[in-house]
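Colleague: I'd like to learn how to read pockets and salt bridges in a model. Could you walk me through them?

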Amino acid sequence: MKKILVFLTLVLSQLQAWAEARFPKPDFTSGYQYPDIQHPVPYEQFWNGLDVVLLVAMMSVVAWATHKKQSRKAIFGVSVFSVLYFGFYRNGCVCSLGSVQNVVLALTDHTYHLPLYVLLIFLLPVIFTFLFGRVFCAGVCPLGALQELVNVKNFRINKAVTSALSIIPWIYLAFAMLYAATRSQFIICRLDPFIGIFRLGGDIGLITFGVILLLISVFVGRPFCQFLCPYGALLSVFGSVSVKKMEVTHKGCIDCKLCHHCCPVDALRPPYANQVKEDRLKGVKRLLMYFIMLPLLTLAGALFVGSNSQALSRAHKDVHLYDLIQLQEANPDMDPILEVTAFNEMGRTMEELEAQVQEVQQKFRIYGYLAGALIGFVLGFKLIRLSVKRTRKTYEIDHAACVACGKCFDYCPQNLKKNQ
């Protein structure tokens, strides 16, 4: 009986914590000041801890299935669980994609305290990617897993087109960091195309975009991961230098082409890709030209974004408010603007607002140059990477692009022979 009472007490305490986290406190008008809460309520703390444990466990399973077992079954199971738990039950979390913005804000603003939970969900996939390749992308990320589960057939996109589109995630990442560093917006969270699907509601435009991406995913492997995901762009860097490289088979490649045709992200490079031998001197000159262009493209990108920093700063609420006040003063006969009315009623002065606007615009200039430099550098580096041509005798994995989905394992005759 005593054990039953103890159990019921624990259950009731968890239910109370859950209720406190689910429903906000009433908004009394008596002037009562709530004390600051220094720690999250137990319910939230418990689920955050469980998320981190599951994140590590699932990435470990994928790493084992990828490098030891070379089987897709476990990866498929992880993908299903990720969509159900991290996707629909946890409403799109673990959100490692959005955590990039929190980390950038913490690095650029000492007044912002980065929660340990957010730091872990950002760092753990990076660490696992450096050690084992992009195992987070394989099926642990609910966004990638959802696209993978609906994929039926892969139509090949022209290599030149995919190379051009692959710059978009870096542009997205650069602007996401810019807006986070200036405390303007968390655009990755605002523009997440699958969050409305996971939460079964939200902005109709984003839901429509998410549905369109899923429809494309039926015939094109992971379009969001390949051509939009900013966190995937970051992980591709660590994947390219991972300690443990993924292999289609531990046995020798027999050039059957089956793995190449099944890869959803076209991460397998065929042998003898450059059958027509190029004059060595010509190739060296082209490569040298791109190395010269790299700092020029970096400088050009910095100048382009930096010179447009004032226009970009209008995304910040203070700059936007200042523009509205200027508009109201230039057109006194127009209907009152709600934001301007609220500003006047708060008793703030234009001098204070102007000082804040100048500070924000200065930050946009500094971080705008850095964001533009990143874009220019990535563009130049991609040109160098595309210009390096080498003869491959067997199929080789592009570890930066490979998302470790494991589809190639089941198509390789060498692996089928091993499992018989």
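**Reading the pocket**

Modeller: Happy to. This is a predicted model, and its largest pocket has a volume of about 1600 Å³.

Colleague: Which residues lie nearest the centre of the largest pocket?

Modeller: Lys159, Arg269, Arg385, Asp398 and Ala401 do, out of 50 residues that line the pocket. Two or more lining residues come from each of α8 (159–165), α9 (168–181), α13 (223–227), α14 (230–240), β1 (268–269), α20 (350–387) and β2 (396–397).

Colleague: Which element gives the largest share of the lining?

Modeller: That is α20, with seven residues.

Colleague: How do the lining residues divide into nonpolar, polar and charged?

Modeller: The lining of the largest pocket has 26 nonpolar residues, twelve polar ones and twelve charged ones.

Colleague: Now the salt bridges, please. How many does the structure hold?

Modeller: Eleven salt bridges. To count as one, a side-chain nitrogen of Lys or Arg must be within 4 Å of a carboxyl oxygen of Asp or Glu. Take Arg156 and Asp266, whose closest N and O atoms are 3.6 Å apart. Arg156 sits in the loop between α7 (142–150) and α8, and Asp266 in the loop between α15 (258–262) and β1, so this pair ties together parts that are 110 residues apart in sequence.

Colleague: Is Asp266 buried or exposed?

Modeller: Relative accessible area under 20% counts as buried. Asp266 has 16%, so Asp266 is buried.

Colleague: Which other residue forms a salt bridge with Asp266?

Modeller: Lys159 does, with the closest N and O atoms 3.9 Å apart. This pair also links distant parts of the chain: Lys159 is in helix α8, and 107 residues separate it from Asp266.

Colleague: What about the salt bridge between Lys317 and Asp318?

Modeller: Their side chains meet at 3.5 Å, N to O. Lys317 is exposed, with a relative accessible area of 60%, whereas Asp318 is buried at 10%.

Colleague: Which residues are linked in a network of salt bridges?

Modeller: Arg72, Glu148, Arg222 and Lys407 are linked in this way.

Terms used
Residues numbered from 1 in each chain as written. Predicted model: local features only at pLDDT ≥ 70, side-chain atom pairs only at ≥ 80, totals over all residues. Heavy atoms only, no water. 1 Å grid on protein atoms, 1.4 Å probe; cavity = no way out; pocket = protein on both sides within 12 Å on 5 of 7 lines; lining within 4 Å. Points joined across faces, edges and corners; volume = space filled by probe spheres on them. Helix = DSSP H or I, 4+ residues; strand = E, 2+ residues; numbered from the N terminus. Nonpolar A, V, L, I, M, F, W, Y, C, P; charged D, E, K, R; others polar. Buried < 20%, exposed > 50% of the residue type's maximum accessible area, 1.4 Å probe, protein only.
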